[in-house]
Amino acid sequence: MRYLAVGRPDNAPCDLALVRGRTIADGEAISFEQEWIFGTPLIARVDDEVSVEELKAQVPAGCNAFLVDGLAEPGGGEAFVFGAHTMRDMRHFRSYADLIPEVVKQFGGRFLARASEVTPIAGSVVPDRVVITEYPTADDAVAFYISEPYAPLLKLRLATVNARLVVLARSGALPQSARQTAEDYLRARRGVRR
């Protein structure tokens with residue numbers, strides 16, 4: 001199985017009509033790190049039989065899109081953490097990659113994709129590494145990112161990659177509780193008080 005990530009620039013819909021695949025997440029997203037340059041994200045599960053050429057024909061002009069191999073089928077989770085990075089120090093990143101599964105699991109998350117092979121489909125933005133994790137709720141996904149167990153790993157990741165990461169709702173708006181927790185965290189990190 002594979003996952004197609006599509007960026008919808010300027011929040012415009014990409015109107016992706018997959019012939020052999022299905023959208024698993026296209027809801028509201030909150031960026032936790034550097035500016036999210038891929039456009040409003042959409043993640044789709046794509047059948048293995050679909051060729052790169054077929055996907056290129058299905059992605060509308062003006063969208064960024066890339067394909068990665070999956071590790072697991074999507075479940076019923078309501079939120080996803082979607083990371084798309086360019087690597088700066090792969091050697092030191094390895095220790096992060098070795099330690100992160102246990103922390104993800106503590107918050108009910110599971111990996112759908114952990115790919116260092118990224119196939120460009122459309123647009124000019126193609127990361128070196130893509131990670132998609134699924135969580136039962138958006139509150140769980142946000143709690144993972146801002147947690148004490150993740151803090152030392154986050155520091156290591158930020159030192160080794162040009163980090164871009166969003167929490168993405170399966171569909172519709174993120175719950176107010178998750179959005180508020182994320183906004184409070186981001187304000188505190190920037191040193192801005194309410």
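Let me begin with a pair of charged side chains: Glu134 and Arg170 meet in a salt bridge, with 3.0 Å from N to O. This pair ties together distant parts of the chain, since Glu134 sits in strand S9 while Arg170 lies in the loop between strand S11 (165-169) and H5, 36 residues apart. Both partners, Glu134 and Arg170, are buried. Please keep in mind throughout that what you see above is a predicted model.

As a general point, side chains of opposite charge can pair when their charged atoms come close. Glu134 takes part in a further pairing of this kind, a salt bridge with Arg110 in which the closest N and O atoms are 3.0 Å apart. Here too distant parts of the chain are linked, with Arg110 in strand S7 (residues 110-115) and Glu134 in strand S9 (residues 129-135), 24 residues apart.

Ser171 has a relative accessibility of 49% and counts as partly exposed. If we leave aside the neighbours of Ser171 within four places in sequence, this residue is in contact with Asp26 and Gly27. Ser171 and Ile24 are 147 residues apart in sequence, and yet their C-alpha atoms are 8.3 Å apart in space.

I now turn to the helices, where two packed helices are described by the angle between their axes and the distance between the axes. The axes of helix H3 (residues 138-146) and helix H5 (residues 176-190) come within 8 Å and cross at roughly 20 degrees. Because angles under 35 degrees count as roughly parallel, H3 and H5 are roughly parallel to each other. The crossing in which H3 passes H5 is left-handed. On the H3 side, the contact is made by Ala138, Asp139, Val142, Tyr145 and Ile146, and on the H5 side by Ser177, Ala178, Thr181, Ala182, Tyr185 and Arg189. Sorted by class, this contact of H3 with H5 has seven nonpolar, two polar and two charged residues.

The other helix pair I would like to show is H2 (residues 90-106) with H4 (residues 151-160), which pack at an angle of about 145 degrees with their axes 9 Å apart. The crossing of H2 and H4 is left-handed. From H2, the residues that make the contact are His92, Phe93, Ser95, Tyr96, Leu99, Ile100 and Val103, and from H4 they are Leu153, Leu156, Arg157 and Thr160. By class, the contact of H2 with H4 has seven nonpolar, three polar and one charged residues.

Terms used:
Residues are numbered from 1 along each chain as its sequence is written. This is a predicted model: local features need pLDDT of at least 70, side-chain atom pairs count only at pLDDT 80 or more; totals for chains, interfaces and linings use all residues. Side-chain values use heavy atoms; hydrogens and water are left out. Axes are lines fitted to C-alpha atoms, for helices over the stretch in contact, and angles run from 0 to 180 degrees between N-to-C directions. Helices (H or I, at least four residues) and strands (E, at least two) are DSSP runs, numbered from the N terminus. Angles under 35 degrees count as roughly parallel, over 145 as roughly antiparallel, 65 to 115 as roughly perpendicular and the rest as oblique. A crossing is left-handed if the near helix is turned anticlockwise from the far one by less than a right angle, and right-handed if clockwise. Contact means heavy atoms within 4.5 Å. Ala, Val, Leu, Ile, Met, Phe, Trp, Tyr, Cys and Pro count as nonpolar, Asp, Glu, Lys and Arg as charged, and the others, Gly among them, as polar. A salt bridge is a side-chain nitrogen of Lys or Arg within 4 Å of a carboxyl oxygen of Asp or Glu. Buried means under 20% relative accessible area, exposed over 50%, partly exposed in between (1.4 Å probe, protein chains only).
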